[in-house]
Amino acid sequence: MAFPAFRFVQGTVAALTAARMVHALRAARHELLAWRHRAGCIPDPEVRRQALGSIDHKAFHSLGASMFAAAVPARRAAGMVRFCVAYQTLSDFLDNLCDRSRPLDAFMRRALHEALVVALDPKGPEVPVRLYRRRFDDGGYMAELVGTCQRSAGELVREERTVQLLRPLARLYAQMQSRKHSPPGGRRARMVRWAARIPEGGPLAWWEIAAAAGSTLGVFAVLAADARGCSWRERRQTRSAYFPWISALHILLDYTIDQAEDARAGELNFAACYPKQAAGERRLLWLFRRCLTVSRSLWAPEFHRLVVVGLPALYLTDPKAGPYRDLRRAVEAEDRWAARVRPFIELWRHRRSPAPPQVRPFTLPDRSSGS
């Protein structure tokens, strides 16, 4: 009788987790609507366009991040959702500003992304608005996002040293984005030199560790571990599992399906660094296996397993993922959960409105007419 009882308990826990995920999604949608309304009040029309576009086109980033609220105690779930949505919205906003808005120099790109580091510290300073108000007026939008993150982190962080685990992840993200959005000439060489200095690189190629730096999942996972009451050892294990492994899988899947789009736009795409599509797919499958292995050693291993299998289910069901059906089948053959999660993702895609086209890059007005 012990085995049926175990299955019953396991099924009950899964049902409770699913219910909490649905609740987190609803709360995240509410938060996104509030931030979209706030973005619509930005005085500068170009900054407003990029802020609204980052929400309209990339809302699924925040919705996915909010899933970590299902892994924390119920009394902390609301704070976790607020943090995840605000932090991811800030990240997506900065990405659009640096990639698709007015040309920014290296100093300005670094200064803007410093907001992601400041946002993690409940006792941190306000955003140094003087650094960017010279170029655009966001009406305090970025400062409000940062303040929301700081207050929410203050509710979730139990120990100061958790911030010491989070801050390097945010700084790596800022450094990578600043280099990735630099002018094409010498961009790749600068990225190679920078990636070579990251000690966690290990067996990863330079573009794989650079991709890992571009994920925010490690921040959410470590913060959830602290909010859950995990030990210092468990928090460090969480960081080591997500950076570089799960984070690299996350961003490389994203970049894999964006290769054609990025090639047209002249953007640096890490997945395009593999010599052939088949080589990239083999490497992603190897990385998927590695992520499954490291997830087993973490607190709530089934939750982290769901994160790992959810990544290919999300990205490889995208309409752009047609050329990668073989990779999807190989992933599903590795773990039965991947095949079980996919129908839910496909149903979600079917029910939601298609994402609008990505926000067009900023172009200087034509003054040749002399007007």
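Rings of Phe, Tyr and Trp (its six-membered ring) are treated here as a pair if their centres lie within 6.5 Å; planes under 30 degrees apart are stacked, those over 60 are edge-to-face, and the rest are tilted. By this rule, ring pairs join F68, F83, Y87, F220, Y242, W299 and F303 into a cluster.

The model is predicted, so local features need pLDDT of at least 70 and side-chain atom pairs count only at pLDDT 80 or more, while totals for chains, interfaces and linings use all residues. Residues are numbered from 1 along each chain as its sequence is written, and side-chain values use heavy atoms, with hydrogens and water left out.

**Overall make-up**

The protein chain contains 15 helices and zero strands; these are DSSP runs numbered from the N terminus, with helices being H or I of at least four residues and strands being E of at least two. The chain has 371 residues, and 55% of them count as buried. Buried means under 20% relative accessible area, exposed means over 50%, and partly exposed lies in between (1.4 Å probe, protein chains only). The accessible surface of the chain is about 17,300 Å², with 57% belonging to carbon and sulfur atoms; the areas come from the Shrake-Rupley method with a 1.4 Å probe, and for residues only the protein chains shown count as cover. A contact is defined as heavy atoms within 4.5 Å. Among contacts in the protein chain with a separation of 6 or more, 79% are between residues 24 or more positions apart.

**The core**

In soluble globular proteins, nonpolar side chains tend to be buried together. A nonpolar core is a set of buried Ala, Val, Leu, Ile, Met, Phe, Trp, Tyr and Cys residues joined through side-chain atoms within 4.5 Å. The largest one here has 123 residues, of which F68, M80, F83, Y87 and F270 touch the most other members. Helix 3 (residues 74-100) supplies the largest share of this core, 13 residues. Leaving aside residues up to four places away in sequence, F68 touches M80, L217, F220, A221, A224, Y242, F303 and V307.

**Aromatic pairs**

A search of the whole structure gives 15 aromatic pairs. Two of them are set out below.

| Pair | Geometry | Centre to centre | Angle between planes |
|---|---|---|---|
| F60 and Y315 | edge-to-face | 6.5 Å | 75° |
| W245 and W286 | edge-to-face | 6.1 Å | 75° |

The pair of F60 and Y315 links helix 2 (residues 45-65) with helix 13 (residues 301-315), and its members are 255 residues apart. F60 is partly exposed because its relative accessibility is 22%, whereas Y315 is buried at 4%.

The pair of W245 and W286 links helix 10 (residues 232-257) with helix 12 (residues 277-295), across 41 residues. W245 is buried at 9% relative accessible area, and W286 is partly exposed at 29% relative accessibility.

Each of these two tryptophans also has an arginine over its ring. A charge sits over a ring if NZ of Lys or CZ of Arg is within 6 Å of the ring centre and within 35 degrees of the ring normal. R283 lies over the face of W286, 4.3 Å from the ring centre, and R290 lies over the face of W245 at 4.0 Å.

**Cysteines and Q150**

There are zero disulfides, a disulfide being a pair of cysteine sulfur atoms within 2.5 Å. C98 is buried at 9% relative accessibility, and C273 is buried at 11%.

Q150 is in helix 5 (residues 141-156) and counts as buried because its relative accessibility is 11%. Apart from residues up to four places away in sequence, Q150 touches V118, A119, D121, P122, G124 and P125.
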